[in-house]
Amino acid sequence: MEWVDKQTYMEASCPSHFQFDESLVFLKRSDQELLHRVEGRTLYKALTIDNQAVLFSLAEEEGTLILQFLKGNPDKMNRELVADYVTKWFDLNRDIAPFYRLALYDEYLKPLVERYSGLRIVGIPDLFEALVWAIAGQQINLSFAYTLKRRLVEHFGAKIEWEGEAYWLFPQPEILADCTTETLRELQFSSRKAEYILGVAKMMRDGLLQQTELEKKNYQTLKKELLSIRGIGAWTADYVLMKSFRFQNAFPIADAGIHNALKELLGWKPTVEEIASIANNWAGWEAYATMYLWRSNA
């Protein structure tokens, strides 16, 4: 993905098999979301880059993505970091043509890729945010998970004010590392989830969990390392491997959204073993199959 720097904005040609509008549909799935805002066909996002708060918008016009800097005045290096974030957010560097070829011969994926053509994985590039979101969402419905995230961000996060609107930033690990479980309990996190989140925050603050170092590892090694962290099980690990590290073979097979989507396609609820059998045809592209199943269940 090659971004052209125009100083106040950047632009890049959309890759093949990408429809910006499909990403916006996915990003609008909850009215409780406050880490980004979608207005019409424009996406707004506040981001901490090199300890600087930056507000940007992202839109698409005639096959060109336009990244506009609205507040924060980032220098050239930080503009490039924002563009890199966007590239990772929508997995824009990946050639997904092989996935489309695979899906055309799969009875479950074929109708989904035809219906939602151009959808790519909408990730969570920031590892701490991905871990906290995954832990918060364990064994609860999506609506309550969004409620917990909103409370957490409003309590601990900073915000940028622009044209009468507030744009929130996800709290940094250092902020949460010194928090108490009682504070998170007041926000309705369970005691266990509070402990898990604070544990991850402390690991990241102390340099025991560094995203740049973890990104150098392969899928199996990294999954094993994530599973060694208290509070991270198989579903959480694969969710983070998919959304933050962009492993296309990550497969959170126990995910309720996957089960519900397949139930709609099949007419009956499959077991985990049956899902594993179905997913044999998706080998190497399980994360993309997951994304399309989620989209069908939105």
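1. The side chains of Asp84 and Lys88 meet in a salt bridge, with N and O 3.1 Å apart; the term is used here for a side-chain nitrogen of Lys or Arg within 4 Å of a carboxyl oxygen of Asp or Glu. Both residues lie in helix α2, four residues apart, which is about one turn of the helix. Asp84 is partly exposed at 34% relative accessibility, and Lys88 is likewise partly exposed, at 24%; buried means under 20% relative accessible area, exposed over 50%, and partly exposed in between, with a 1.4 Å probe and protein chains only.

2. Please keep in mind that this is a predicted model, in which local features need pLDDT of at least 70 and side-chain atom pairs count only at pLDDT 80 or more, while totals for chains, interfaces and linings use all residues. Residues are numbered from 1 along each chain as its sequence is written, and side-chain values use heavy atoms, with hydrogens and water left out. Helices (H or I, at least four residues) and strands (E, at least two) are DSSP runs, numbered from the N terminus.

3. A search of the whole structure finds 19 salt bridges, one of which joins Asp5 to Arg79 with the closest N and O atoms 3.0 Å apart. Asp5 lies in strand β1 (residues 4–5) and Arg79 in helix α2 (residues 76–89), so this pair ties together parts that are 74 residues apart in sequence. Asp5 is partly exposed, with a relative accessible area of 24%, whereas Arg79 is buried, at 10%. A network of salt bridges links Asp5, Lys76, Arg79 and Glu80.

4. Glu60 and Arg41 also meet in a salt bridge, at 2.6 Å from N to O. The pair links distant parts of the chain, 19 residues apart, with Glu60 in strand β5 (residues 52–61) and Arg41 in the loop between β3 (36–39) and β4 (42–49). Glu60 counts as buried at 16% relative accessibility, while Arg41 is partly exposed at 38%.

5. β1 pairs with strand β2 (residues 9–13) over two bridges, and the bridge partner of Val4 in β2 is Glu11.

6. Four bridges join β3 to β4, with Arg37 opposite Tyr44 in β4; their hairpin has two residues between the strands, and Gly40 in the turn has a positive phi of about 65°. β4 then pairs with β5 in the antiparallel sense over eight bridges, with Thr48 opposite Ala53 in β5. This second hairpin also has two residues between its strands, and Asp50 takes a positive phi near 50°. Six of the eight residues of β4 are buried, so this strand is largely enclosed by the rest of the structure.

7. Contact here means heavy atoms within 4.5 Å; axes are lines fitted to C-alpha atoms, for helices over the stretch in contact, and angles run from 0 to 180 degrees between N-to-C directions.

8. Helix α5 (residues 127–136) and helix α12 (residues 234–243) pack at an angle of about 145°, with their axes 10 Å apart. Residues of α5 in this contact include Leu127, Leu131 and Trp133, and those of α12 include Trp235 and Tyr239.

9. Gly284, in the loop between α14 (272–278) and α15 (286–296), is partly exposed, with a relative accessible area of 27%. Gly284 and Gln248 are 36 residues apart in sequence and 6.3 Å apart in space, C-alpha to C-alpha. Leaving aside neighbours within four places in sequence, Gly284 is in contact with Gln248 and Asn249.

Methods: Two strands pair if DSSP finds at least two bridges between them.
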